[in-house]
Amino acid sequence: MAKSAATATPALASLPPAPKKAPRPSKKTVAPAKVAEAAPALPPDRLNLIAEGLREKSSAKQAIFRATQAAFILLRQVSQQLCLELTQKVTTDADASVRIECLPVNEMEFHIRFSGDLLVFVMHSNIVTFPDDFALLNTPYVEADFRRRFFGHIMAYNFMADSIRYQRLNDPGYLLGRLLINIDSHYFLEGVQQLELPDHDMSGSVITPEAMRLFVESAMIAAVNNDLIAPPLPEIQRISVKQKLENQQVSRGSKVGFSFSHQQQF
């Protein structure tokens, strides 16, 4: 038994050594070198863009409003003087009963009443612009400064004087002209052809007392030269109770002959 044990020991000793285990690869991997890239552009600061836009447009619109307000005050002063001159001339040369009045309404409206006509001049509080295909915006003068694309505007309407006096709410009024004023106190006038004002680029049209007087005189001439036309008899054969209660005279006339020129030629 002992011999057998002794012979077993050398057999174990003669076994070849166990092979060494290969080292495990490290779990950490080295990232490949990145190609240099341009840094992405930072998004615009929207608050700054809004603030800048408000500063530019709001400042320009406030300046345009002041220019329009000054033009409207001048227009009212010229109208008052014109009414005085016409009153003196008409009462001296013709009928003393003819009244020509310039009537203030508020800081943004005044009326001129003469004969059976009433001219209503209204200054709008808002500043406006126009579509890109509007002829005025495509002139070199306007294209040179984006602020010149914005305008204050004064409207001149013609009503029958009795329409206001007797509260005939359905009686029509007619737009005679629209006066556009820009930041430079230059103006552009469009309206009925009866105004007979020259076509011109607004680059040379500056608000002056003479220009405003010409506007008022032309509007008065256009109103005077368009008489009331009586409606055809079939149109006034019936009258409703509502029309009677509201003092609507079905036989009232209406003005014709106003031809509006939408765009001036350049």
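Colleague: A nonpolar core is a set of buried Ala, Val, Leu, Ile, Met, Phe, Trp, Tyr and Cys residues joined through side-chain atoms within 4.5 Å. In the largest such core, which residues touch the most other members?

Modeller: This is a predicted model. In soluble globular proteins, nonpolar side chains tend to be buried together. The largest core here has 33 residues, and those touching the most other members are Leu 75, Ile 112, Leu 119, Phe 121, Leu 179 and Met 212.

Colleague: Which elements give two or more residues to this core?

Modeller: Two helices are on the list, α2 (46-93) and α5 (209-224). The strands on the list are β1 (100-106), β2 (109-114), β3 (117-123), β4 (152-160), β5 (174-181) and β6 (187-192). The elements asked for are therefore, by the strand and helix runs of DSSP, α2, β1, β2, β3, β4, β5, β6 and α5.

Colleague: Leaving aside neighbours within four places in sequence, what is Leu 75 in contact with?

Modeller: Leu 75 is one of the residues that touch the most other members of the largest core. Once its neighbours within four places are set aside, the contacts of Leu 75 are Phe 110, Phe 121, Ile 154, Met 212, Phe 215 and Val 216.

Colleague: Which residues of α5 are buried?

Modeller: Helix α5 has 16 residues and spans 22 Å from its first C-alpha to its last, close to the 22 Å expected. Buried means under 20% relative accessible area. In α5 the buried residues are Ala 211, Met 212, Phe 215, Val 216, Ser 218, Ala 219, Met 220, Ala 222 and Ala 223.

Colleague: Arg 148 and Asp 184 meet in a salt bridge; how many residues apart are they?

Modeller: Their side chains meet at 2.9 Å, N to O. Arg 148 counts as buried because its relative accessibility is 17%, whereas Asp 184 is partly exposed at 31%. Arg 148 is in the loop between α3 (140-143) and β4, and Asp 184 is in the loop between β5 and β6. The pair links distant parts of the chain, the separation being 36 residues.

Colleague: Is Arg 99, which forms a salt bridge with Glu 101, buried or exposed?

Modeller: The Arg 99 and Glu 101 side chains meet at 2.6 Å, N to O. The relative accessibility of Arg 99 is 55%, so this residue counts as exposed.

Colleague: What area does the nonpolar surface patch of Leu 47, Ile 50 and Leu 54 have?

Modeller: Leu 54 is placed in helix α2. Leu 54 counts as exposed because its relative accessibility is 52%. With Leu 47 and Ile 50, Leu 54 makes a nonpolar surface patch of about 340 Å².

Colleague: Ser 185 is not a glycine, yet has a positive phi; what is its value?

Modeller: Ser 185 lies in the loop between β5 and β6. Ser 185 is partly exposed, its relative accessible area being 27%. The phi of Ser 185 is about 60 degrees.

How values were computed: Residues numbered from 1 in each chain as written. Predicted model: local features only at pLDDT ≥ 70, side-chain atom pairs only at ≥ 80, totals over all residues. Heavy atoms only, no water. Buried < 20%, exposed > 50% of the residue type's maximum accessible area, 1.4 Å probe, protein only. Helix = DSSP H or I, 4+ residues; strand = E, 2+ residues; numbered from the N terminus. Contact = heavy atoms within 4.5 Å. Salt bridge = Lys/Arg side-chain N within 4 Å of Asp/Glu carboxyl O. Patch = residues over 30% accessible without salt bridge, like charges linked within 9 Å, V, L, I, M, F, W, Y side chains within 5 Å. Areas by Shrake-Rupley, 256 points an atom, 1.4 Å probe, with all protein chains shown as cover. Expected span 1.5 Å × (residues − 1).
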